[in-house]
Amino acid sequence: TDLRLHDNKIDKLPVEFGNLASVRRLWLNNNILEACPDCLGRLTTLEMLALSNNPFKELCTGIGRLLRLSDLLLDGLELIVPPREIIVR
């Protein structure tokens with residue numbers, strides 16, 4: 001399942017967002033997310049995640065739990081340092 005939520009001025013996601021078990025490709029780019037939502041780590045079927053062009057500066061450690069993730073789009077982010085859980089994977 002594809003879920004395209006880009007360009008919607010979304011500033012945060014509800015915790016329940018992590019219950020979307022069948023999402024394989026998720027576009028959250030070009031929003032105004034204040035922080036990288038940790039609930040993304042519960043979307044274990046994700047293969048592609050677009051977070052580009054949001055104002056947050058740190059990735060959530062939950063992304064390190066996305067073992068099927070093959071495409072992570074982060075262009076336009078001013079990241080400080082990626083979490084160790086992501087680098088080690």
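Guide: Partly exposed means a relative accessible area between the buried limit of 20% and the exposed limit of 50%. The model here is predicted.

Visitor: How does Asp11 score, buried, partly exposed or exposed?

Guide: Asp11 has a relative accessible area of 31%, so Asp11 is partly exposed.

Visitor: Where does Asp11 lie?

Guide: In the loop between β1 (2–4) and β2 (25–27).

Visitor: Which residues is Asp11 in contact with, leaving aside neighbours within four places in sequence?

Guide: Ile32, Leu33 and Glu34. Take Ala35 too: Asp11 and Ala35 are 24 residues apart in sequence, and their C-alpha atoms are 8.1 Å apart in space.

Visitor: Now the cysteines. How do I read a disulfide?

Guide: A disulfide is a covalent bond joining the sulfur atoms of two cysteines. In this structure, a search of the whole model finds zero.

Visitor: Are Cys36 and Cys39 buried or exposed?

Guide: Cys36 is at 9% relative accessibility, so Cys36 counts as buried. Cys39 is at 9% as well and counts as buried.

Visitor: And rings? How is an aromatic pair described?

Guide: By the distance of the ring centres and the angle of the planes. Here the search of the whole structure finds zero aromatic pairs.

Visitor: What lies over the face of Trp27?

Guide: Arg4 does, at 3.9 Å from the ring centre. The distance cut-off for a charge over a ring is 6 Å.

Definitions and conventions
Residues are numbered from 1 along each chain as its sequence is written. This is a predicted model: local features need pLDDT of at least 70, side-chain atom pairs count only at pLDDT 80 or more; totals for chains, interfaces and linings use all residues. Side-chain values use heavy atoms; hydrogens and water are left out. Rings of Phe, Tyr and Trp (its six-membered ring) pair if their centres lie within 6.5 Å; planes under 30 degrees apart count as stacked, over 60 as edge-to-face and the rest as tilted. A charge sits over a ring if NZ of Lys or CZ of Arg is within 6 Å of the ring centre and within 35 degrees of the ring normal. A disulfide is a pair of cysteine sulfur atoms within 2.5 Å. Buried means under 20% relative accessible area, exposed over 50%, partly exposed in between (1.4 Å probe, protein chains only). Helices (H or I, at least four residues) and strands (E, at least two) are DSSP runs, numbered from the N terminus. Contact means heavy atoms within 4.5 Å.
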